Every structure is written in C-alpha cells, then in structure tokens.
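Here are my notes on the model you sent over. Have it open while you read, and jump around as you like.

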Amino acid sequence: MSSLDLVLAAIDAADPDRLRITLKRVCSLSNDTLELVCSELLVAEKAAESQKKASESGGNGKEDNSKALKRKRVEYNTIRFQTCIQCEQEFDATKNEEGCCRWHKGELEADEDPNMWPDFEDWRDGEYDDWKDEFPERFLWSCCKRRGDDEEVCCVGKHMSAQEHASGKSG
Ligand SMILES: [Zn+2]
Ligand SMILES: [Zn+2]
C-alpha cells in the first residue's frame, strides 16, 4: 500500500473530531496550505454579489468591477458548508437556491389518540417520543398537522445558516 492509499484509509478510519484537529494544524502550516483549505471551505459570495451590483449600477461600477477582478487575493467572507437550522442538513452556500430547503417550522408531536398506539404500554415502551423513527405516522407536526410520514412540508425556501439567521435578526 502506498503512503497515499494508507493516508486515505486513515482519513476514512478517523473520528471527525480527529480530522478537525488535523485540518486546523494544516491551516497553520503555511500560507499555501491555508489558502488551499480556504478555497475548499469558504466562498467569496458577498463580494461577488456586490461586484455584480456595482456593474449593474453603471459607469463607475464597471470601473470598480475591473479593479476588483485584477485584485489577486480572494476575499472569503462566507463559510461554504454549513448545517441548515431549518432542515438540519448540511448545505453548500454556492448552491443554495429557492426551493432547495423543505422543512416544518413546528415540532413533531405524538398523536395521543389511543387508537394510534394499540399495544403501547409506557412501563414497557417508554416515551412516545422514542418511537418517532419507527412509527412516524403516529406523530403530527404542530405547525401544519401533517403526519410524520407525509412527504409534504409547510415551508419551502433557501437553507439558513445560524450565522445568517443571527445577522438577519440584528439587521
Ligand atoms: Zn409543518
Ligand atoms: Zn435547509
């Protein structure tokens, strides 16, 4: 086994926390390794947007835009891969478009109709909530009263990061 094969196998075998520590060390090794990790994990999304706006706004904007393109260093300002606070999935900030996030704004709650739980005994089976994965049809979304096994959701839009959510609140 070559050392490349071996290190690839080691990456698969390692705990995610171990990989985080390793990657943080790689970042502090040199400017090149830092730039490499930045280009993988960050995007210059907001800079791109403001350049676009400047070029749309007319003459002066075009000048600013060409200056910005000449600038060598990319100014990253957005984390690329984040966990959405709505659907709780990881998303890619460069591919976050309307309609890619589908979620419920409420909570999944047990339908307490005893007919839904014919052989349930709390002394033996514990809490209703422990059975969400096994019997989603016995739960209702508090927001729209859809059953847990219904594919339909009540909210559709873009993914939302915790960072974006916080900045939206303050501004
Ligand atoms: Zn809902
Ligand atoms: Zn989402």
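The points below go from the whole chain down to single residues.

1. First, some housekeeping. Residues are numbered from 1 along each chain as its sequence is written, while chains are lettered from A and ligands numbered from 1 in the order in which they are written. This is a predicted model, so local features need pLDDT of at least 70 and side-chain atom pairs count only at pLDDT 80 or more, whereas totals for chains, interfaces and linings use all residues.

2. How far does the predictor trust itself? pLDDT is its confidence in each residue, from 0 to 100. The protein chain has a mean pLDDT of 86, with 81% of its residues at 70 or more. Keep an eye on residues 58-63, though: pLDDT stays under 50 there, and the model gives that stretch 4 contacts beyond four places in sequence. A contact here means two residues whose C-beta atoms, placed from the backbone, lie within 7 Å.

3. Now the overall picture. The protein chain has 7 helices and 8 strands, which are DSSP runs numbered from the N terminus (H or I over at least four residues for helices, E over at least two for strands). Of the contacts between residues at least 6 apart in sequence, 61% join residues at least 24 apart.

4. What share of the 171 residues is buried? Buried residues come to 4%. The rule is a count of other C-beta atoms, placed from the backbone, within 10 Å of a residue's own: 20 or more is buried, 12 or fewer is exposed, and in between is partly exposed.

5. Helix α2 is worth a look. Its 12 residues reach 16 Å from first C-alpha to last, close to the 16 Å expected at 1.5 Å a residue; the expected span is 1.5 Å times one less than the number of residues. The number of buried residues in α2 is 0, so the helix lies largely in the open.

6. How does α2 sit against α3? Helix α2 (residues 16-27) packs on helix α3 (residues 31-41) at an angle of about 130°, with the axes 7 Å apart. That makes the pair oblique. Axes are lines fitted to C-alpha atoms, for helices over the stretch in contact, and angles run from 0 to 180 degrees between N-to-C directions. Under 35 degrees counts as roughly parallel, over 145 as roughly antiparallel, 65 to 115 as roughly perpendicular, and the rest as oblique.

7. Who makes that contact? Leu23, Val26 and Cys27 come from α2, and Thr33, Leu34 and Val37 from α3. By class, the contact of α2 with α3 has 5 nonpolar residues, 1 polar and no charged. (Ala, Val, Leu, Ile, Met, Phe, Trp, Tyr, Cys and Pro count as nonpolar, Asp, Glu, Lys and Arg as charged, and the others, Gly among them, as polar.)

8. Glu88 has a positive phi of about 65° although it is not a glycine; Glu88 lies in the loop between β3 (81-83) and β4 (90-92) and is exposed, with 8 other C-beta atoms within 10 Å. Lys145 has a positive phi of about 60°, again without being a glycine. Lys145 sits in the loop between β7 (139-141) and β8 (155-157) and counts as exposed, with 12 C-beta neighbours inside 10 Å.

9. Ser142 is also in the loop between β7 and β8. Which residues does Ser142 contact beyond its neighbours within four places in sequence? They are Gly106, Glu107 and Glu109.

10. Ser161 lies between β8 and α7 (162-170), is partly exposed with 19 other C-beta atoms within 10 Å, and touches Gln82, Cys84 and Ile85, not counting residues up to four places away in sequence. Ala44, in the loop between β1 (42-43) and α4 (45-56), is partly exposed with 16 other C-beta atoms within 10 Å. Beyond four places in sequence, Ala44 is in contact with Val74, Glu75, Tyr76 and Asn77.

Terms used:
pLDDT = per-residue confidence, 0-100.
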